[in-house]
Amino acid sequence: MGISFEKNNVQATATFPDIVPVQVTPELELVIEESPPLEGEVAISGAKNAVLVTIVSLLLTSGKSILRNVPYSQDVIHMAQLMQELGALVDFDVERRLLSVDTSMVQKCVVSAAIMKKMRASVLVAGPLLARFGNVEMALPGGDLIGARPIDFHIKNFEKMGASFFFHDEIITGSCHRLKPTRLVLEYPSVGATENLMMAAALLEGKTTIINAALEPEVTDLINVLRQMGAKITVEFPATIVIEGSASLKPVDYTIMGDRLEAGTLLLAAAMTKGSIVIPNASPSILDVFLLKLSEMGHQVEYGANDQGIMLHATSTPRAVSFRTAPYPGFPSDLQAPMIAALCVSSGISNIQETVYENRLLPHVRELQKMGGQIQIKGDRAWVTGVEALYGTQVIASDIRASAALVLAGLVSKGTTIMTGLHHWQRGYDALEKKLVNLGARISLREV
Ligand code: EPU
């Protein structure tokens, strides 16, 4: 099935046979019943956090690019709308998960507040537009309410490259005569700032260096895309990205990496239900610390050859483990909420510290507590005391990863869990509920 993005008439309402409609209506809720051990083989989709930046990076080129393994999720639809608003021609072959984007007609540098507010990744439009056209006008980006999430690292470093910004009524206007390559230092390895600056630098002749860069696998995926476009990029010790850009970059045909966060969530679903699964297309090497913690819990985790494939065989007596979230290769903040759900039903006390976001514990902990989870929070730390059982009830998902935590908890709760706030789930995952159902989970969608 194809979705055509015709000018000013984007069909974000298209549905995909058998699964949750991507168009969200407030009347839908997810119903999760206590499920048997999940068993079988499951493939992960393309990574949300890689595909969004890759779509935007196509603004650096003029012509038609093809992206493969594109997840059919609401954020992808939003990003396609953003591109279309700028004048790109976009077509999504949903069945083949193939997105084609023609940027030849892009002239505009203004993104509407409506689309900017849909997701955090919209801020990534700044680098490509400044580099290609010398201008950008956008509202502050939206996204999950998991912390303040300022964009000061982006702005400060674009200023170092020669751009000036003007803020008025929540609208940011950026302009430059011509960005210049230079040496940039990030005070924190921000994923978005690294990606934004790297994209801008890719279209500049000369050498730009980003010190203390984020090196998340999704950043590496973007490096691969930019290299295919024609930029020369190397990663040097310690955490430095060196970009030798080019005045013109060419369109690409690129396959998006698999979603390590979806892989982590599926592994936890099997672990919690005391099941056994294989994810043949997941790379263990980009989930090292997370997989280490699964092993410490007592689960048997095996890796396939050539970094392809992860197998988990759950222990029937999972143990508590402690961890702190950190930039890659540390424990990913995006798996903290699902892991807390798993620790609610593990034996002992776990100590978790969230260091990436200042408000990323409360949204799911509050709901897990309603289900019987024994969790105390103080500042950036949570202590989870494992319990014998959780209990299904009405819960509200307030961000993407919170929604994953609540679905996982529902799989091992006595009775029925009803989750609202479904649009968060649909923003981040490509029919993950269907993948879980295929493994034996008892999940359904219900109209209210
Ligand atoms: N930060 C600043 N100033 C900045 C930029 C970031 O203070 O200018 C702070 C943030 O407030 C946050 C921390 O730095 O506390 C990390 O932010 P980062 O910039 O690294 O994150 P991001 O680029 O906004 C991406 C992912 C997030 C993921 C983080 C960390 C996308 C679209 N989003 O966000 O994914 O948590 O990196 O790995 O790539 C998710 O998928 O659920 C999600 C939130």
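Start by selecting M272, K274, V345, E388 and V412, which lie nearest the centre of the second largest pocket, a space lined by 19 residues. By class, this lining has 9 nonpolar, 6 polar and 4 charged residues, where Ala, Val, Leu, Ile, Met, Phe, Trp, Tyr, Cys and Pro count as nonpolar, Asp, Glu, Lys and Arg as charged, and the others, Gly among them, as polar. About 310 Å³ of space lies in this second largest pocket; a volume here is the space filled by probe spheres set on grid points that are joined across faces, edges and corners. On a 1 Å grid over the protein atoms alone, a pocket is an open set of points with protein on both sides within 12 Å along at least five of seven lines, a cavity is a set where a 1.4 Å probe fits but cannot get out, and lining residues have an atom within 4 Å of a point.

Keep in mind that this is a predicted model, in which local features need pLDDT of at least 70 and side-chain atom pairs count only at pLDDT 80 or more, while totals for chains, interfaces and linings use all residues. Residues are numbered from 1 along each chain as its sequence is written, and side-chain values use heavy atoms, with hydrogens and water left out.

Next, select A271, M272, K274, M297, H299, P318, A342, V345 and S346, which line the second largest cavity. This cavity has a volume of about 50 Å³, and its lining is made up of 6 nonpolar, 2 polar and 1 charged residues. The count of cavities of 30 Å³ or more comes to 4.

Now move to the largest pocket, which holds about 970 Å³ of space. Of the 43 residues that line this pocket, R120, R149, V191, G192 and Y357 are the closest to its centre. The lining divides into 21 nonpolar, 7 polar and 15 charged residues. Helix 1 (48-57), helix 5 (152-160), helix 6 (191-202) and helix 12 each supply at least two residues of the lining, and helix 1 gives the largest share, 4 residues. Helices (H or I, at least four residues) and strands (E, at least two) are DSSP runs numbered from the N terminus.

Which strands does helix 12 lie across? Select residues 400-411 and you will find helix 12 across strand 3, strand 24, strand 26 (416-420) and strand 27, running at about 40° to strand 3; axes are lines fitted to C-alpha atoms, for helices over the stretch in contact, and angles run from 0 to 180 degrees between N-to-C directions, with contact meaning heavy atoms within 4.5 Å.

Those 4 strands form an open sheet of mixed pairing in the order 24-26-3-27, and two strands pair if DSSP finds at least two bridges between them. At the edges, each pairing on one side only, are strand 24 (394-396) and strand 27 (442-447). Strand 3 (residues 28-33) runs antiparallel to strand 27 and is joined to it by 6 bridges; in that pair, E29 has R446 of strand 27 as its bridge partner.

For a last stop, select strand 6 (residues 89-93) and strand 7 (residues 98-102), which pair in the antiparallel sense over 5 bridges. F92 has L99 in strand 7 as its bridge partner. The two strands form a hairpin with 4 residues between them, and R97 in the turn has a positive phi of about 50°.
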